[in-house]
2 protein chains.
Amino acid sequence: MERIGIVGGGAWGTALALALNRAGQRVLLWVREAEVVEAINDRHENPLFLPGFTFDAAVKATGDLAEAVAADIVLLATPAQHLRATTAALAPLLDPAVPLVICAKGIEETTGSLMSEVVAANLPRNALSILSGPTFAAEVARGLPTAVTLASSDPELGRRLATAIGSRTFRPYVSDDVPGAQVGGAIKNVVAIACGIVVGRKLGDNARAALITRGLAEMVRLALAKGGRAETLMGLSGLGDLTLTATSLQSRNHSLGVALGRGEQLGAILAARRSVAEGVSSARAAAALAGRLSVDMPIVAAVDAILHRSAPIDAVIEELLSRPLRAETTVVS
Amino acid sequence: MERIGIVGGGAWGTALALALNRAGQRVLLWVREAEVVEAINDRHENPLFLPGFTFDAAVKATGDLAEAVAADIVLLATPAQHLRATTAALAPLLDPAVPLVICAKGIEETTGSLMSEVVAANLPRNALSILSGPTFAAEVARGLPTAVTLASSDPELGRRLATAIGSRTFRPYVSDDVPGAQVGGAIKNVVAIACGIVVGRKLGDNARAALITRGLAEMVRLALAKGGRAETLMGLSGLGDLTLTATSLQSRNHSLGVALGRGEQLGAILAARRSVAEGVSSARAAAALAGRLSVDMPIVAAVDAILHRSAPIDAVIEELLSRPLRAETTVVS
């Protein structure tokens with residue numbers, strides 16, 4: 001049995017705690033909100049972030065970061081934009097020998113950094129791995145079958161982590177492509193917004209499938225520019241997560257796109273929601289990053305323009321559709 | 001203006017006729033059924049195979065195969081299992097200088113051949129290209145935006161065909177991977193049945209996304225064994241068509257899988273339907289082909305076992321989910 005600390009008690013951190021408990025590990029979850037710590041320890045539930053599930057009593061929470069990370073393995077499951085602050089707080093507390101698994105998906109808005117770059121800046125001595133893939137938290141919490149990519153530059157560590165985290169219904173596949181495994185999760189929400197717009201505009205399933213395909217090509221180009229491999233994006237962290245997010249009605253980003261496509265205004269859509277759609281921030285960060293790296297990402301640029309620069313939807317879609325006919329194989333070059 | 005003959009007046013051939021008419025070409029559609037020829041020429045509709053659309057009067061049909069293929073370009077849009085007989089009939093009629101575009105998707109059941117192999121056997125002197133991608137016929141007929149792969153081993157011919165076929169809303173992307181561009185369309189229906197089973201069993205969206213991802217990996221392995229390239233499967237003919245078929249309720253194969261997953265019997269499902277789900281045949285053909293080529297295709301094998309060898313669904317799914325944890329990058333090796 002390994003002692004596993006999970007930093008972040010939102011829906012994803014909580015679902016991971018349940019999955020790891022099911023895998024037979026000892027789990028301690030760090031949660032910022034005192035009332036959630038209490039709810040988990042006393043009533044075995046997290047009504048704020050993952051309502052409707054009763055936990056095994058062995059899943060414990062703490063508000064003490066040092067206690068949570070006194071573990072064999074630590075998972076980082078805070079929101080992407082909080083990860084720099086969280087890891088800064090961890091620096092004086094964490095044993096450099098403890099391997100970290102980054103479970104947050106996104107690009108840091110202020111710097112355009114991948115999550116591994118953010119963590120390495122604050123915790124340069126800890127080994128870093130990436131957990132990513134098609135994972136609706138509520139399904140993982142219920143124990144429905146889920147497969148993920150676990151990327152580690154050290155293959156032996158990757159296998160150890162996969163064994164620790166894996167169970168019959170939560171299955172990690174090991175990769176050694178740390179940058180590549182982060183790109184899918186960071187960009188998929190932006191493509192999902194674009195797909196939602198197409199659905200809201202009633203442009204059909206063919207157009208959505210083409211957008212998903214061209215969106216994956218944009219991910220591949222960004223991954224290559226960041227030192228990753230194209231084949232990683234064909235896996236669970238790329239295609240898998242993209243397919244999930246861009247076709248499911250459960251996705252907040254997809255449904256935000258549908259509302260935009262129907263003609264609703266962004267301000268009104270966001271005001272009516274409790275939770276933020278991560279793609280709104282990611283679109284800006286990814287468009288800026290693509291510009292800096294000279295990576296061609298027209299779908300990301302189009303979503304950024306619609307969301308943040310009042311570009312008219314029909315004109316932007318028309319431009320996307322009328323891009324010159326090119327060899328399809330340029331998608332990976 | 002090019003004269004384009006289309007062989008096959010089903011939903012797809014008819015939708016292609018409308019798209020090419022919109023592209024400004026002169027289109028003549030060969031249709032087997034005399035009443036459909038009459039409906040197209042006199043009432044400008046195909047109520048049997050593509051109800052609900054009124055055609056431009058310039059779209060004409062004929063029952064005379066020789067007349068249809070006296071053209072600059074010929075598209076073959078018959079069902080996959082009829083293509084050998086159709087091309088045998090074409091052999092004495094067709095000028096060997098006329099380029100052919102294969103629009104049928106599938107694997108020949110009796111031989112395990114790709115469509116290009118079937119056509120080359122009967123028409124060895126005509127240049128062959130492949131048109132494939134995410135294309136619900138009804139959306140193409142309505143002029144909704146659609147993008148396709150057009151694969152030709154001769155890049156100059158590929159560009160000429162793309163220009164002839166393409167329009168603002170029907171956009172071909174040129175590839176030179178003729179075998180690779182056929183594998184997606186042949187296997188996607190089998191994966192869509194598997195995805196439907198997962199949905200019918202209420203196993204969740206995570207599991208379906210994982211199946212789509214692993215299904216694409218099976219396609220890549222088969223494409224490599226047939227001399228194609230992995231990157232082609234990341235494009236419209238692979239990922240694009242797979243995503244469309246495996247997530248849309250419009251797909252007959254997906255809905256057949258859902259019914260199986262809910263516990264209905266194959267015989268009863270098929271008896272209640274007018275149209276056949278191509279994946280039922282493809283599963284058997286693809287499983288046999290994979291066996292002959294020693295290509296690992298566990299999802300295809302599982303669907304074949306459920307459909308044709310009375311394998312119990314729950315045991316098969318359990319086996320699929322409990323495959324050993326492996327490096328994800330083995331998907332492309």
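## Salt bridges and polar contacts

Between chain A and chain B the count is 2 salt bridges, in what is a predicted model. B:Arg168 pairs with A:Glu318 in a salt bridge, where the closest N and O atoms lie 2.7 Å apart.

Polar contacts across the interface of chain A and chain B amount to 16 residue pairs, with both residues at pLDDT 80 or more.

## Elements that supply the interface

On the side of chain A that touches chain B, at least two residues come from each of several elements. The helices are H6 (137-141), H9 (205-225), H10 (230-233), H11 (236-247) and H16 (313-321) of chain A; the strands are E7 (146-152) and E8 (170-175) of chain A. H9(A) gives the largest share of this side, 11 residues.

Sorted by class, the side of chain A that touches chain B holds 27 nonpolar, 14 polar and 13 charged residues.

## Extent of the contact

In total, 54 residues of chain A are in contact with 54 residues of chain B. The two chains bury about 4,700 Å² between them, and 60% of that area is on carbon and sulfur atoms.

How values were computed
Residues numbered from 1 in each chain as written. Chains lettered and ligands numbered in written order. Predicted model: local features only at pLDDT ≥ 70, side-chain atom pairs only at ≥ 80, totals over all residues. Heavy atoms only, no water. Contact = heavy atoms within 4.5 Å. Buried area = accessible area lost by both parts, 1.4 Å probe. Salt bridge = Lys/Arg side-chain N within 4 Å of Asp/Glu carboxyl O. Polar contact = N/O pair within 3.5 Å; in protein donor to acceptor, adjacent residues only side chain to side chain. Helix = DSSP H or I, 4+ residues; strand = E, 2+ residues; numbered from the N terminus. Nonpolar A, V, L, I, M, F, W, Y, C, P; charged D, E, K, R; others polar.
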